[in-house]
Amino acid sequence: MGNLAEALELDPEVASLVDEVVLMGGTAIEYGNVSPVAEANIMNDPHAADKVFTAAWQVTMIGLDVTHQVLLDNPILERIREANPTEGGFLYDCAQHYINFYSSRFDMDGCYFHDASTIAYVIDPSIFGVELGAVRVACEGIGIGQTIFAPEGMDFPTPHWNDIPMTQVCMEVDSERLLKLFETTLS
């Protein structure tokens, strides 16, 4: 977010040269993962994130609304490791820390499928269902880092949503297809 915001600061016209910004971050209706309302990637630099969401380029947000619907577990990682021992073994080993964290914190047998979902979206956007709306980021106060989603077609009495480009917010995901794409690609 910081790099994109800096590019916009240096030359706002850069947005017209970009087809689409696909990012993992935020949440429209799901709870946050670093506060009740904020997701970590947005919370790290909310001012930059707000600049990215309000620039004149197409943004697609892959947030917790969909990544919390996908569970990556050890059987998938084991099959990848078996098919591709070098990279698959490395992936398996790295994922164990993440899976152990989720298992201890949320009593789940696996981990949420966050960052790789952005690559999957670029490869096959039909795996995801999107809704359009303006996204702004709270930059101060108790809600700092919150991505606030204003669905397309709704009017609000405050000007914060006026003339804000529509963001594609991923709200649905075919988790079976997503995990199959991941396994096939890495195997």
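Which residues in helix 5 meet which residues in helix 8?

Mentor: This is a predicted model, in which local features need pLDDT of at least 70 and side-chain atom pairs count only at pLDDT 80 or more, while totals for chains, interfaces and linings use all residues. Residues are numbered from 1 along each chain as its sequence is written, and side-chain values use heavy atoms, with hydrogens and water left out.

From helix 5, the residues Ile-76, Leu-77, Arg-79 and Ile-80 meet Leu-179, Phe-182, Glu-183 and Leu-186 of helix 8 (contact means heavy atoms within 4.5 Å; helices are DSSP runs of H or I with at least four residues, strands runs of E with at least two, numbered from the N terminus). By class, six residues of this contact are nonpolar, none is polar and two are charged (Asp, Glu, Lys and Arg count as charged; Ala, Val, Leu, Ile, Met, Phe, Trp, Tyr, Cys and Pro as nonpolar; the others, Gly among them, as polar).

The axes of helix 5 and helix 8 come within 9 Å and cross at roughly 20 degrees (lines fitted to C-alpha atoms over the stretch in contact, with angles from 0 to 180 degrees between N-to-C directions). The two helices are therefore roughly parallel to each other (under 35 degrees; 65 to 115 is roughly perpendicular, over 145 roughly antiparallel, the rest oblique).

Helix 5 spans residues 74-83, and its buried residues are Asn-74, Ile-76, Leu-77 and Ile-80 (under 20% relative accessible area; exposed is over 50%, partly exposed in between, with a 1.4 Å probe and protein chains only). Viewed down the axis of helix 5, these buried residues fall within an arc of 160 degrees, so they line one face of the helix (the arc is that of directions from the axis to the C-beta atoms). Their packing partners are strand 3 (71-72), helix 6 (85-106) and helix 8 (175-186).

Ala-83 also belongs to helix 5 and is partly exposed, with a relative accessible area of 45%. Ala-83 and Thr-184 lie 101 residues apart in sequence, yet 9.6 Å apart in space, C-alpha to C-alpha. In the loop between helix 5 and helix 6 lies Asn-84, which counts as buried at 17% relative accessibility. Apart from neighbours within four places in sequence, Asn-84 is in contact with Gly-89, Leu-186 and Ser-187.
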